[in-house]
Amino acid sequence: MPKIQSFSAPWLQEPNPGHKLFEQSEENSRLPASIAFSRNASQGPKRTIAQRGNEVFVARGREIRWGDIAYLKDAWEAHQSRTGPASHLNGDSSDSSFEVYDEETSRLPQGPGYRIIKTPVASEIRQLVISPNKDQLAVLTSHTVHVCMLPDTSHLTSGETAPFKPKFWTLGPTTHVTSKSAVVSALWHPLGVNGSCLVTVTEDAVVREWELSTIDRWSFDTPTLEVDLKRLADGTSVDQDFSASTSTNKAFSPDDFDMKVASASFASRNSNGWAPMTLWVAMAEGDVYALCPLLPRRWSPPPTLIPSLSVSVAQKIETLEADPEATREEKLLAKQQLEWMADLDNQEPKLLDGPYGEVTEVYSRPSRPGSIPRLQGPFELAVAPEDEQDDEVELKDIFVIGAKRNTADLMMGEDFELYADDDDKDSLSMSVICLLSTSGQVKICLDIDGVEAQWLPPRNASTRGFPDHEIPSLLVFHTFDTLKPAEITSDSWPVFSEDVTTRYAFYVTHAAGITYVSLAPWISLLESELQSDSEAGVDFRFDLMVKGQRAEVDRIYTPQHAQNALAAATAFKSSDLSHFVLSATHNDPVIIFFDTPESELMSDRQETPVPTEHGDTPEPLTVWEPRPLFHPSEVLSRPSTLPSWVDALRTSRKRPLMQQEVRLSVATLEIFTEGHRLVSSEVFELNNAVAELFRKCEALTFELKEQINKVYEVNQRIETISGEGESRSTKEQNISEEMLVRNRIDVMKVRQENLARRVDNLRKRLGQVSTRELSDKEKAWAEEVRTLASSILGDEEEEEDTTTASISTAGQSLKRFEEVQTLRDALFEQAQQLQSTDSVDGTSSPMPVMKIPSEIRKQKAVQVMSLLDRETALVEAVKSRLEKLSID
């Protein structure tokens, strides 16, 4: 989450002109606060802020406020430089007056920087939806839709201050009316030609496409495509009529409850495959449906969309042809997709000039297999047992993040690679569907199977219907709550808002505050696992990912009035105003400034810190924490209704009582009762407002004291370390404090040296413990030594893994050694006998002397000596080897 810098923008606060963008409408300003709150908290999504660059459009009542925030900021800074920053604190009413400030800015040749746009709507504006090319604005009430041609920015600085009346068109003057179903969503189709296709979804599950043209007023009267989802769900053939019924007499149907639409959403234009032409519809009862492909009659795809679809369809057909178990329904679907692609490939695109000098290729919607796709759903939500939640809570909004473009398959076999956007580098190869319920619960679902184009079968007997088709499913990857149990109300309508820094971050706006949600912590990890070829340990890594890596959820704003209904948060990012989020209560703006995303992105991507001469630089001490700006209750500035009530009495039939003395009568009692009712309600509101103001002022004193203490502490640290500044008592105290700091630094250096020494010792021990693997020759030599040792030392130290061949070899060596020893002993005995014979006297009886030739004797002696030398050398070699191997 980006760090919050501030909660206030002085150029948008009262009494500056920028505050007029967020003031109440005149009709609501005259009403009591309770009634005004109830009107602003009416049922339906509240998206009353739209942006075009630095310009902002704010809906208030039945009118739209239009202003340039950057221009208002520059005008405020110029005004501050002329009048001084504290002029409004000196009680100078001339400089802080609303009217005087407006007169000063109106005298400038540039103009005030804000205008009021008059609209032809008859009720309160609930939603503002700006087109992709920023030239049209859809204005939605509860039942009607109007399209406004946005004026050029020069009208803000033309010097005119009168309300501006641009060109408005009423969309469906006989379709979207108060006598029919309410409009829940209006979406600009991402593949519309120059962003001119508007898709409206009503509460009774009817989807209409309007291909708008400013030169053809009939394009605003009749939709080019109309689909009743309740009829389509029961359809059996692509040739049926699925348009909405024009009858006013409607019978009861369970579909009126099960298919009550809460919201709808498209993926972005740069998504992969079928995602840009898939309409996701969330029902209030919890079901989710998909309509693919939903295209206007004339549409303009991105350059990579049609080639990627061709590759995917060709791969699917090739797979089905090689699969003998492919079902008839799968083959029929592949055939329909092939017909759709063939019709598209046979077209010659028309070239049109885009809004920024670009050339746009325009295609016609393929007529085969049909213009209306099959309704896919309801999707089964696969939820883990520990994430099971209450399914009875109504859904209120849906937000779809499309899959990234698969450029690898598209450019397979090519000599060059297709350029990938920064958003595609850390993106997911599957769509993410976010569901938001009344209780503030958010479900992050993954479309693992991927939604593809599907149509109903043609009208013939051989291919009628899809019997027993599989129910599509969505994997619920993560579920979390954005509201506390005490903040949940049955009439709340939370909504999603996209972020401008990354498409995997969004905001959840509800009456209890604004919550920032980021899916970035697990997106890159999940994508790396999906693209990895290694299957070893996949289950373990996925289990760790699901349990450890979760979405980043932070409450960034909580309103001071619980009954205030917040407008959907709108993110801005520009070089003039940096990065901030704008919302609004019924009377004041809510603005939250963040750190620059680029600096955070660079610090996050930096793998290792850059070493400096003095080590790591510590973070600065936080002296103050940003807090939301406090707005005093408008009750303190609203005029009392008592004078107008008295004037009304003077012109009513009770006028004589106002000119007489007070007498006890029924009429006098009625006047006093009514007056007491008015005064008590106003006094009650004033008491609450004053009590809240007193509590804030009391808390402000404690916060101010805390900040003063922190600043004093920082000042003392600076003086202690630098040795500069005035001492608190004597110079010796400063010297002693400096010595304490130096001593502490010396202790830390010694501690660092000890830690470095311990690390070196551990490294040496690890080097001694760890040994490299023996080679094949070393293993063979060790086996030979073990065999010889077992043959000499006996069977006690014989290894268990000795083979039969080595045992037989050891037995032969031992037998030879024993024969040599026996021969040596016999020769020693013969030699001793000969010596004893030579030393006997002549008186002794002569012994028979065997005459052995000297040559034979010499040969035997040489043979014995060679055998002795050989065996001695063998024994010495074995002994030396055993000593080297430390074998006892």
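This is a predicted model: local features need pLDDT of at least 70, side-chain atom pairs count only at pLDDT 80 or more; totals for chains, interfaces and linings use all residues.
Q: How do strands of a sheet pair?
A: Strands of a sheet pair through backbone hydrogen bonds, either parallel or antiparallel. Here, two strands pair if DSSP finds at least two bridges between them. Strands (E, at least two residues) and helices (H or I, at least four) are DSSP runs, numbered from the N terminus.

Q: What is the strand order in the open sheet of four strands?
A: The order is β14-β15-β16-β20, with antiparallel pairing. β14 (261-266) and β20 (375-376) stand at the edges with a single partner strand each, so one side of each has no neighbour in the sheet.

Q: How many bridges join β15 and β16?
A: Four bridges, in the antiparallel sense, join β15 (residues 279-283) and β16 (residues 288-291).

Q: What joins β26 to β27?
A: A hairpin does, through six residues. β26 (residues 495-498) and β27 (residues 505-510) pair in the antiparallel sense over four bridges. Phe496 stands opposite Val508 in β27.

Q: How many salt bridges does the structure hold?
A: A salt bridge is a side-chain nitrogen of Lys or Arg within 4 Å of a carboxyl oxygen of Asp or Glu. The structure holds 17. Glu63, Arg65 and Lys118 are linked in a network of them.

Q: Which parts does the pair Glu527 and Lys404 tie together?
A: The side chains of Glu527 and Lys404 meet in a salt bridge (3.4 Å, N to O). Glu527 lies in helix α12 (residues 520-531) and Lys404 in the loop between β22 (395-401) and α10 (407-410), so the pair ties together parts 123 residues apart in sequence. Both Glu527 and Lys404 are buried.

Q: Where do Arg763 and Asp760 lie?
A: Both lie in helix α18 (residues 731-769). They are separated by about one helical turn because they are three residues apart. Arg763 is exposed at 51% relative accessible area, and Asp760 is partly exposed at 37%.

Q: Which residues form the negative surface patch?
A: Patches are made of residues with over 30% relative accessible area and no salt bridge; like charges are joined within 9 Å. Asp and Glu count as negative. Asp323, Glu325, Glu330, Asp449 and Glu470 form the patch. Asp449 is found in the loop between β24 (441-447) and β25 (473-481). At 62% relative accessibility, Asp449 counts as exposed.

Q: How many residues separate Ser142 and Gln43 in sequence?
A: They are 99 residues apart in sequence and 8.7 Å apart in space, C-alpha to C-alpha. Ser142 lies in the loop between β7 (136-140) and β8 (145-149). Ser142 is partly exposed, at 35% relative accessible area.

Notes: Residues are numbered from 1 along each chain as its sequence is written. Side-chain values use heavy atoms; hydrogens and water are left out. Patches are made of residues with over 30% relative accessible area and no salt bridge: like charges are joined within 9 Å, nonpolar side chains (Val, Leu, Ile, Met, Phe, Trp, Tyr) within 5 Å. Accessible areas come from the Shrake-Rupley method with a 1.4 Å probe; for residues, only the protein chains shown count as cover. The place of a charge is taken as NZ of Lys, CZ of Arg, CG of Asp or CD of Glu. Buried means under 20% relative accessible area, exposed over 50%, partly exposed in between (1.4 Å probe, protein chains only).
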